[in-house]
Amino acid sequence: MSRVGKAENGMRHTVWFAYPLLRILGAWPNRVSSSTLSKIFNWYLIFTCYTLQLIVLVPGFLHVFLKEKNGRKKMKMMIPQVNGYLQLCKYSLVLRWTNKLRVLLNEMKEDWLNTTEEDQLIFRAKASFGHRVMSMIAIVTYSAGLGYRTILPLSKGRILLPNNTTKRLLPCPGYFVFFNEQVSPIYEIIFIIQVLGGLLTYTIMCGTIGMCVMFCLHSSSLLRILLNKIYQLTKQLDVNEVVVHEKIVDIVKYQTKVKGFLKNVEQLTTYLFLLEIMVETSIGCVIGYNVVTEWEDSNAAAMIIHLMMQVSTISCTFIMCYVGQTLIDEGNNVRRMSITLDWYRFPVKEARNLILVIIMSSYPVKLTAGKVVDISLATFTDIIKTTVGYLNMLQKVT
C-alpha cells in the first residue's frame, strides 16, 4: 500500500466512531469542493434535527412549569428536558465551529501522511482505545435511553384517572395546547417523535464526546511522538554540530506544531466540556434522586434503567476527564525529558539552543472547561462530590 493509501486508511480508522454520528447530525464538515446537492442535504439534516428536538422540548417544558404540581414528578420529567436542551447547545456549538473542525481534521490527515510507520502505530493504538471505550459508552447510553423512552411508558399501560377516564403515558409528558395527545393516531405519532428525539439526543451526546476524545487522544499521540524525538536526541551518538542542529530544529518545529494543534482543540472543546460538566452535575443528581425514589416504590425496571442512565452519564464525564489527564501526563513527561537532557554532550552553541525546547516544554499542557476548570481526574472527583451534594439537597427539599 502506498504512503498516501496508508494515511487515508489510518485517518478512516481515527474517525471511525465520530464520523457516522456527526454525519447523521449534519455536523461533519463537507469538503470545500462538495456539490450543491450535498450542501443542501446537510442543511436539511440540520433543520430536521432542530425541528425534532424543539417538538419534544417545548411541550415538555410547558408541562413541567405550567401543569405539573407534584415536586417528585417534576424531578422525573426534568431529566429528558434538561438533557435534551444541553445536548442541543452542544450541537449548536459544533455547528458554529465547523470550520475549526475542518482545520483540525486536515491537520490530523497531514500528521498521518508525514509520520513514520512507528509513529502511525502510536496514532492507531490511541484511536483504538478511544473506539473501545466510546463503543461501550454508546451501548449503555442507547440501551438506557431507549428503555426510558419505550419500556417505562409502555409498561404502565392505561392509567385510570379519578374522573373515570384513562390516560396513556408518553416518554416525555407534554402540554399540547392545540390538540389532545391521547387521541389516536396523534398519541402514536407523538410517541414515535419523542423516541426519535431521544435517539437524536443520544447521538449528539455520543458524537460530541467521541469527537472530543478523538482529538484529545490524537494530541496525546503527538506529545508521545515529541517525547520520542527528544529521547532520540538524548541518545544521539553522533554529536556533530550539523547533525545535532538538524534534530533540534526538527524538535522545535514539531513542538510548535503540537502547541498550535492543542490551541485549536482547546477552542473547539472548551465549551463542550463545560456543558458536559453541567450535564453531569444537573442530570446526574436528578437521576440519582430517581434511583432512590424508584427503590422506595419497589419499581425494579425503572430503577435499573435509571442506574444505566447514571452509568452512562458518569462514564461520559470520566472518559472526558481521563483523556484530559492523559494530556497532562504526556506534557509532564515531555517537560521532564527536556530538562534532563544530557546537554553537556553537545557543542556549546547547540546546547544553548536547547533552552528554547526547555522553555516551550515548561508551559503546562492541559484542556479546560469554559477556560475555568482544568480537565483532569481531580476535576472528575470534584464533579462527583458536587453531584452527590446536590442529590442530598434534593432529598431534603423534596
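On a 1 Å grid over the protein atoms alone, a cavity is a set of points where a 1.4 Å probe fits but cannot get out, and a lining residue is one with an atom within 4 Å of such a point. Grid points are joined across faces, edges and corners, and a volume is the space filled by probe spheres set on the points. The model toured here is predicted, so local features need pLDDT of at least 70 and side-chain atom pairs count only at pLDDT 80 or more, while totals for chains, interfaces and linings use all residues. Residues are numbered from 1 along each chain as its sequence is written, and side-chain values use heavy atoms, with hydrogens and water left out.

Helix H4 (71–96), helix H6 (117–156), H7, helix H8 (241–296) and helix H9 (300–339) are the elements that give two or more residues to its lining; helices (H or I, at least four residues) and strands (E, at least two) are DSSP runs, numbered from the N terminus. H6 provides the largest share of the lining of the largest cavity, five residues. By class, this lining divides into nine nonpolar, five polar and one charged, where Ala, Val, Leu, Ile, Met, Phe, Trp, Tyr, Cys and Pro count as nonpolar, Asp, Glu, Lys and Arg as charged, and the others, Gly among them, as polar.

Next, select Thr 14, Ala 127, His 131, Met 214 and Leu 217, which lie nearest the centre of the second largest cavity, itself lined by 15 residues. H6 and H7 are the elements that give two or more residues to the lining of this second largest cavity, whose volume is about 130 Å³.

**Second stop: H2 against H7**

Helix H2 (residues 18–25) and helix H7 (residues 186–234) pack at an angle of about 135°, with their axes 9 Å apart. Axes are lines fitted to C-alpha atoms, for helices over the stretch in contact, and angles run from 0 to 180 degrees between N-to-C directions. That angle makes H2 oblique to H7, since angles under 35 degrees count as roughly parallel, over 145 as roughly antiparallel, 65 to 115 as roughly perpendicular and the rest as oblique. By class, the contact of H2 with H7 has nine nonpolar, four polar and no charged residues.

**Third stop: the pockets**

A pocket is an open set of grid points with protein on both sides within 12 Å along at least five of seven lines. About 870 Å³ of space lies in the largest pocket. Select Lys 73, Met 77, Lys 156, Leu 169 and Pro 173, which lie nearest its centre among the 31 residues of the lining. Its lining has 14 nonpolar, six polar and eleven charged residues.

Finally, select Met 11, Trp 28, Arg 31, Leu 105 and Lys 109, which lie nearest the centre of the second largest pocket, with a volume of about 590 Å³. H5 gives the most to the lining of this second largest pocket, with four residues.
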